[in-house]
Amino acid sequence: MSNKRLTFKKRLHILKHRYRGKKMAPAFNAFHTFLFSPDETTHNGSHVRATDDLKRTMNTVIMALIPVLLFSFFNTGYQHYSAIGGFPENFSVMEHFLTWDNFWLGFVQVMPLVIVSYGVGLLVEFIFAVIKGHEVEEGYLVTGMLVPLIVPIDTPLWMLAVAVVFGVIIGKEVFGGTGMNILNPALTIRAFLFFAYPTWMSGDKVWVHGAVERTGTADAISGETILGYLAQNNGSEFSYSVSDMFFGFIPGSVGETSAFLILLGGIFLIFSKIASWRIMVSAVAGSLVMGLIFNGIVEAGWIGEGSTFYGLMSFDFWKHLIVGGLAFGIVYMATDPVTGSQTNRGKWIYGFLIGFISVMIRVFNPAYPEGVFLAILLMNVFAPTIDHYVVRGNIRRRMKRLKQATIFPKSTDDKAKELKIETI
């Protein structure tokens, strides 16, 4: 078996060199690299010897998303059967959650979204690679997994395909491809869907499978999210417990519901040094601060129960992190190394504003109570500006120290003590 595999690998290497310089070389090289490591090495010039590369980084993020994807299979079926009141009479745990029926229904509904996302997105990538004559980049590997996880379960496949084409071209390729884009491609796709097809991206019918097709019939069901309920009601009483919200047994976009699994994914990305913990921590802090401000306004009596904003303003500040897509956006999208801030201080500012603005949009825009995706896109635009002023500030401080050192030069003993302190 090993000899056959080696023979196949050797033949691919031969074909790769035969295709070199031809029009379809990027497409063949992408297929070759997907199966095996490249057979080329650097022969001149200085270079870094490391085991990490773009493909390995993308695969690590996908590994962090797999548990969320698997959970979405079960939750899709669970929300559907819960809404129609028809749980199958099979053995299960966690109140009919881990059942084969739930998994299979979710698998049948979610996997077409994944296939269309990858199929259409990679096709666009291949076309641009052939036209421009460069290698196919692995940047869409993560985007292709993120997109089906941030849309409602019954999103039409043709609609998703149109959005993916728009997002890959406008959100990435027009800027020069992977690493050059200023907006997160997955969020660009989500924004296009929201503004082009708003009735499919909001409301109380799109979050549970089958709710749209049952509309207007005797078997109509509702799958309103917690944020949607709070945005339309003055009270904060609903049937979901804190554990339901934390573990994800609630309606929502395909992969955004389980704060528990998202938290585990975030820890994995931090320890694998793929994502910035500064952005995550500061984004959480920003959302908590904004939530506390709104809670304080309600407690002070400045907003009454009859106000349009009372439902979300009175929602416990810390619960914002376990409902909606806030946790998912913070962990998997705000930490995008291409579109986020690059400086350490800039990451603190960037993350804090994402959390702060996300909760603000939730409260002040009842028609679209989920604000994290718009907040991240907004901060994607301002990330270079944040880094610019952080760098300028560092330059001014260093120039000031240099000027002081020139006016008041230190003795040799002082320099030795300073050097010793810095070394320690």
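Predicted model: local features only at pLDDT ≥ 70, side-chain atom pairs only at ≥ 80, totals over all residues.
Good morning. I begin with Asn 102, which lies in helix α4; helices here are DSSP runs of H or I of at least four residues, numbered from the N terminus. Residues are numbered from 1 along each chain as its sequence is written, and side-chain values use heavy atoms, with hydrogens and water left out.

Is Asn 102 buried or exposed? Asn 102 has a relative accessible area of 0%, so it is buried; that term means under 20% relative accessible area, exposed means over 50%, and partly exposed lies in between, with a 1.4 Å probe and protein chains only. Leaving aside neighbours within four places in sequence, Asn 102 is in contact with Phe 73, Phe 74, Gly 77, Tyr 78, Tyr 81, His 96 and Phe 97. Contact means heavy atoms within 4.5 Å.

Let us stay with helix α4. Helix α4, residues 100-132, packs against helix α5, residues 140-149, at an angle of about 145 degrees, and the axes are 8 Å apart. Axes are lines fitted to C-alpha atoms over the stretch in contact, and angles run from 0 to 180 degrees between N-to-C directions. On the α4 side the meeting residues include Leu 113, Tyr 118 and Glu 125, and on the α5 side they include Tyr 140, Met 145 and Pro 148. The residues of this contact divide into 9 nonpolar, 4 polar and 1 charged. In this scheme Ala, Val, Leu, Ile, Met, Phe, Trp, Tyr, Cys and Pro count as nonpolar, Asp, Glu, Lys and Arg as charged, and the others, Gly among them, as polar.

In one of them, Glu 125 pairs with Lys 172, and the closest N and O atoms are 2.3 Å apart. This pair links distant parts of the chain, 47 residues apart: Glu 125 is in helix α4, and Lys 172 is in the loop between α6 (157-171) and α7 (185-196). Both Glu 125 and Lys 172 are buried.

Lys 319 and Asp 316 also form a salt bridge, at 3.4 Å from N to O. Lys 319 is buried at 15% relative accessibility, whereas Asp 316 is partly exposed at 33%. Glu 370 and Arg 362 form a salt bridge with closest N and O atoms 3.2 Å apart; Glu 370 is buried at 11%, and Arg 362 is buried at 0%.

Next, Ser 287 is in helix α11, residues 277-299, and is buried, with a relative accessible area of 0%. Not counting residues up to four places away in sequence, Ser 287 touches Leu 321, Leu 326, Gly 355, Phe 356 and Val 359.

Finally, the structure holds 27 aromatic pairs. In one of them, the rings of Phe 246 and Phe 247 have centres 5.1 Å apart and planes at 75 degrees, so the pair is edge-to-face. Rings of Phe, Tyr and Trp (its six-membered ring) pair if their centres lie within 6.5 Å; planes under 30 degrees apart count as stacked, over 60 as edge-to-face and the rest as tilted. Thank you.

How values were computed:
Helix = DSSP H or I, 4+ residues; strand = E, 2+ residues; numbered from the N terminus. Salt bridge = Lys/Arg side-chain N within 4 Å of Asp/Glu carboxyl O.
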